[in-house]
Amino acid sequence: MRWSKTNAFICFFCLKKMADIIKEIMKFIPADKISSAEYEAADIVLYTKDKDFFLNSESTIKELVNEFKKRIELRPDPDITLDQEKTKKIISELATDANITDFIFDSQRSRVIIHAEKPGLVIGKQGAILREIKEKTSWVPIIFRTPPIRSKLIEGIRNVLYENSDYRRKFLNKVGHRIYDGWQRGKKHEWVRISFLGAARQVGRSCLLLQTPESRVMLDCGIDIASIQQAEQFPFLDAPEFKLEDLDAIIITHSHLDHCYLVPYLYKFGYKGPVYCTAPTRDVMALLQLDTIKIAMNEGRDPHYSVEDIKEMIKHTICLDWEEVTDITPDVRLTLYNSGHILGSSMVHLHVGNGLHNILYTSDMKFSRTNIYEAAATSFPRLETMIIESTYGGSDDLSPPRKEADEQFKEKLANVIKNKGKMLMPVLGSGRAQQLMMLISELVRKKEIAPINVYLEGMLWDITAIHTAYPEYLNINVRKQIFHKDENPFLNEIFKRVGSAEERRLVIEEEGTCVILATSGMLVGGPSVEYLKQLGDNARNSLVFTCYQGEGSLGRRILNGDKELTFKNGAQSEVVPLKIEVYKMSLSDHSDREELMNFIASCDPKPRRVIIQHGESSKVLDLASSIHKQFKIETNAPRNLEAIRLR
Ligand code: ZN
């Protein structure tokens with residue numbers, strides 16, 4: 001029962017009625033049928049102990065949804081659900097050929113989550129089997145596709161959610177109260193204000209704060225990985241307008257650490273509210289955050305937060321699909337749209353007040369189809385202010401056509417194979433790594449290069465597994481391929497997992513040629529630096545940069561011509577002369593200048609104002625003036641700590 005895009009903007013419900021929406025709904029249902037009614041964030045869930053009422057009230061619920069313009073769901077009361085073992089047996093018998101791999105019982109919410117290799121066979125023709133499961137077990141079945149690559153880490157994340165089923169039910173109810181109860185207060189003045197706590201005239205530490213008389217919403221909360229100055233790594237969380245205890249919601253656009261690293265840190269200091277993002281963003285974000293703890297410990301540093309803080313974040317995360325509309329506070333309505341950047345990456349559309357103002361925060365975006373993701377969305381219900389990135393927004397930031405870039409890469413790779421060298425590719429974990437896997441497996445499949453071992457550090461393997469778990473977030477070609485075991489590009493036997501320091505040593509010492517994909521993408525700690533220490537002094541090897549290299553990072557220094565790598569080995573300093581061939585791949589998961597301009601031109605409707613951020617100062621200013629000239633609209637290029645009143 002999804003609240004569709006089409007009826008999303010009909011009206012904000014009349015204020016008085018909204019104040020007690022559950023009471024109003026109950027007027028339409030016989031009182032003795034409902035055992036409890038509560039919020040699940042912006043959704044309303046009714047529980048019944050009457051089995052017949054549960055099975056035969058579809059039309060009543062549909063009418064309520066139409067009347068109230070809210071998602072409303074009827075579930076059996078936990079008291080009437082069938083014993084779990086018996087339920088498993090019945091479902092297994094009803095869906096014998098579905099290859100069910102797992103059952104998880106979300107008992108507080110009467111939901112059974114069924115993981116199956118062939119989900120269609122649990123659903124049945126027009127949902128026939130689902131209906132039978134409901135009839136025979138009084139559980140609400142939820143079906144997930146078992147990914148072709150399994151990952152213990154993803155399963156761990158799921159377990160955190162279901163082990164805390166009781167807490168989760170209470171938490172979602174509390175979020176709902178915050179959304180609906182606020183209406184009673186009513187405010188005379190309406191205004192919208194946005195503060196830039198990071199990523200203004202810089203790439204890194206993305207963090208924006210949206211304020212209205214009713215709401216405090218944070219958009220992204222990342223770190224500047226490349227910054228050498230520790231004090232400048234964090235966004236300005238000490239800005240006078242930001243108080244953690246007043247924060248209503250956090251929205252995370254994607255799982256790169258410069259957008260999501262600090263979320264567990266906010267939980268550590270007492271935040272208890274929701275985080276909104278897509279499901280793949282939640283999974284990859286948790287993985288990368290866990291990895292930073294490991295790296296910090298290996299390097300003898302204190303991590304900024306603990307595994308427990310990451311679990312708190314997972315417990316409080318509310319996942320949304322793209323284009324699913326939901327209220328997040330009394331006067332802010334959120335919709336996520338595909339941003340084309342990495343798996344599950346989203347642009348944030350915010351509808352503020354009763355039609356008062358509409359904002360699109362693009363975050364990192366790619367406005368062309370890549371070999372793995374679709375291009376960013378361009379159609380929105382309404383739009384007044386756009387906040388756009390400008391990582392490659394300078395007038396000279398023009399990337400060559402994809403074919404040309406692919407061709408160039410093929411030549412480099414063929415050269416490495418010929419010289420029996422090793423190609424080291426530092427990657428960010430999510431996005432480029434999987435694009436490169438697609439590219440290399442395609443070259444091998446078409447016999448354009450000889451088969452070559454491609455080593456993936458353990459975490460990249462897990463992130464690839466997450467890609468196969470969420471095919472709906474990939475472009476249609478890849479989606480089709482991964483459903484066929486023989487064609488699944490990620491299952492190609494050229495890919496090998498590297499799980500330990502010992503295995504890493506074997507890869508380095510192995511005779512012959514190979515490709516190594518390793519984090520971090522900017523050579524700031526992590527396995528990529530470990531490899532470089534060993535491979536850097538050999539001219540047969542090559543180092544291929546695939547992502548943005550932040551100012552101050554080792555990657556940027558090498559690109560600028562540094563020929564030495566100095567690192568600490570115990571108390572001693574060691575120096576490796578860099579003879580490795582250095583090459584920057586001119587293919588990006590960000591829009592280049594032309595794509596950014598095309599994106600604005602393609603947006604429907606067009607924004608009235610564009611705010612430019614997430615770029616080095618010169619690029620931000622350059623893009624701002626070009627947008628102003630071409631589209632004759634107001635542009636802003638705020639600095640960190642500046643705020644702009646939008647209405
Ligand atoms: Zn990014």
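Me: Before we start, when do two strands count as paired here?
Reply: Two strands pair if DSSP finds at least two bridges between them. Bear in mind that this is a predicted model.

Me: OK. How many bridges join β5 to β6, and which way do they run?
Reply: There are six bridges between strand β5 (residues 111-116) and β6, and the two run parallel. I113 has I142 in β6 as its bridge partner.

Me: What sheet are they in?
Reply: An open sheet of three strands, ordered β4-β5-β6, with mixed pairing. β4 (100-106) and β6 (140-145) each have a single partner strand, so they are the edges and one side of each has no neighbour in the sheet. On average, neighbouring strands are turned by 20° against each other, direction ignored.

Me: Which helix lies across β4 and β5?
Reply: Helix α5 (residues 84-94), running at about 140° to β4. Helix α8 (residues 152-163) also packs on the sheet and touches β4, β5 and β6. The direction of α8 makes about 165° with that of β5.

Me: Switching to the metal. What are the protein donors of the zinc ion?
Reply: H254 (NE2), H256 (ND1), H341 (NE2) and D364 (OD), at 2.2 to 2.3 Å from the zinc ion. Their spacing in sequence is H-x1-H-x84-H-x22-D. H254 sits in the loop between β10 (249-251) and α10 (257-260), and D364 in the loop between β16 (357-363) and β17 (385-389), so this pair ties together parts 110 residues apart in sequence.

Me: Are H254 and D364 buried or exposed?
Reply: Both H254 and D364 are buried.

Me: And what is the geometry of the zinc site?
Reply: Irregular, with angles of 88 to 165° among the four donor atoms.

Notes:
Residues numbered from 1 in each chain as written. Predicted model: local features only at pLDDT ≥ 70, side-chain atom pairs only at ≥ 80, totals over all residues. Heavy atoms only, no water. Donors = N, O, S within 2.8 Å, 3.2 Å for Na, K, Ca; no water. Tetrahedral: all angles 85-135°; square planar, octahedral: opposite > 155°, others 65-115°. Helix = DSSP H or I, 4+ residues; strand = E, 2+ residues; numbered from the N terminus. Buried < 20%, exposed > 50% of the residue type's maximum accessible area, 1.4 Å probe, protein only. Axes fitted to C-alpha atoms, helices over the stretch in contact; angles between N-to-C directions. Contact = heavy atoms within 4.5 Å.
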